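Hi,

Here's the structure I promised to pass along.

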Amino acid sequence: MTLPRPLLLAAAGLLLSPAALPAADATAGAPDTMAWFRDAKLGIFLHWGVYSEGLGSESWAFHDGKTTYEAYMAQAATFTASNYHPEEWARLFSEAGARYAVLTSKHHDGFALWDTKLSRLNAKDASPAGRDLIGPYCDALRKEGLKVGLYFSNLDWSHPDYASVLPTGANPADPQYKNRFGYPQGRQDPEAWKRFLAFHRGQLKELETRFRPDLLWFDGDWERTDLQWGFRELREQLRQWNPTGIVNGRIGKYGDYLTPEQYIPLVPPPSAWELCATVNDSWGFQKQDHNFKSVRQVVRMLAECAGMGGNLLLDVGPRSDGTIPDEDVRVLRGLGRWTHKHAEALYGTVAGLPGGYFYGATTLNKARDTVYLFCFDRPNGQVALKGIRNEVLRVSVVGGPELVSRKIGGAEWVKMPGVLWIDVPETALDPDATVIKVELKGPLDLATEPERKP
Ligand code: GLC
């Protein structure tokens, strides 16, 4: 994404503000549709569309004036999907350890990957791909046991009835708002907006009733208010079309979880959440972008998310023909080596210890009687864990040997336990991140700082 964009930044801020928290208890008593999501920890994000030839960014390229709308859309002629084998995608994602994937069914440019009946701007009618690409993706994921996510951009910079408005407080003289696709000025035409909303709902109905995605991943809600979008009513409508489907937090405050983007939160977000982040610097495939994160860096991102109770939605950009570039594949396979070895420390776990007890990420099993310690750095002999009042039953390396450990020190008179010192031999280390399993007698009993009288 092309930062800085004041609006997006504002939107990102909003996503973590208490006002934007998912509506609590909206589904009280209903089946827990979020359960799979909370347990999943890793998903794969795919940005695939007319821009996947790799010459510029998805949608933003024409919005930001880097190319003309016409030149941008001319790229559709290269969108062949001629080597599109979603079963191979699905196998690769499983190999990486992902439990779900999210594919751009329609990005801000309005080009749909399914054969929507509501616009000719779609893969079947407007590109050599010549067919629906969403159905085969959903089938392949389901066959592989993965949950199906579909990204859908609320805003549509191609639709004739989608005239934008100037953002609140923006100066109309500012050249960045002189873009007919971005923020055309002038009064809103209420009739056009009504028509646009009917189109928006119509496309969503197609997606929900035809493909029944487990997750609808909205984006692009920042150019209108919740009220204008009718998000509250939309959420109800989505539930009727697809009762078990969940939605991310980019339909105003009516989503099921928060979506920090491109940064690991410093403190745990206040409700269910997922970090979306790119493997290199681009959402879609871009030829010149070789700034890939290492497997180790991605492992760490994933462990930090899980440690704060969240998921990582890791983005890769397939090429126009549907192949996933080798550089992405290498990272996904490397990640898979680690996730499979450490599955028990990851999937189905909950957020670990708060700061101050261990220097690194931690997770807990659901019974809260096992703590997993993620060691990102090579320990100098011993790893230390503080503040655990429980008796420690066993300490071991996940996928490795049992370890020697000993609690030393402590101040019983203020109920402050000693430090658990764990010996970690060099031979037990994992090349990307070593995970230590600490089994406790009974559920975690954490010490808290004794009150200090002045
Ligand atoms: C931003 C960008 C968009 C990208 C998305 C992924 O909203 O506008 O290009 O698809 O982030 O989270």
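Helices (H or I, at least four residues) are DSSP runs, numbered from the N terminus.

Keep in mind that this is a predicted model: local features need pLDDT of at least 70, side-chain atom pairs count only at pLDDT 80 or more, and totals for chains, interfaces and linings use all residues. Residues are numbered from 1 along each chain as its sequence is written, and side-chain values use heavy atoms, with hydrogens and water left out.

Now the helix pairs. α5 (residues 86-96) and α7 (residues 134-143) have axes that come within 8 Å and cross at roughly 40° (axes are lines fitted to C-alpha atoms over the stretch in contact, and angles run from 0 to 180 degrees between N-to-C directions). That crossing of α5 and α7 is right-handed, and the two are therefore oblique to each other (under 35 degrees is roughly parallel, over 145 roughly antiparallel, 65 to 115 roughly perpendicular, the rest oblique).

α8 (residues 190-211) packs against α10 (residues 231-241) at about 30°, axes 10 Å apart, which makes α8 roughly parallel to α10. Their crossing is right-handed too.

On to the ligand. Polar side-chain atoms sit by ligand oxygen atoms at 2.5 Å for His47, 2.8 Å for Glu58 and 3.0 Å for Glu261. Taken alone, the ligand exposes 310 Å², and the protein buries 100% of that (Shrake-Rupley, 1.4 Å probe).

Cheers

Methods
Polar contact = N/O pair within 3.5 Å; in protein donor to acceptor, adjacent residues only side chain to side chain. Left-handed = near helix turned anticlockwise from the far one by under 90°.
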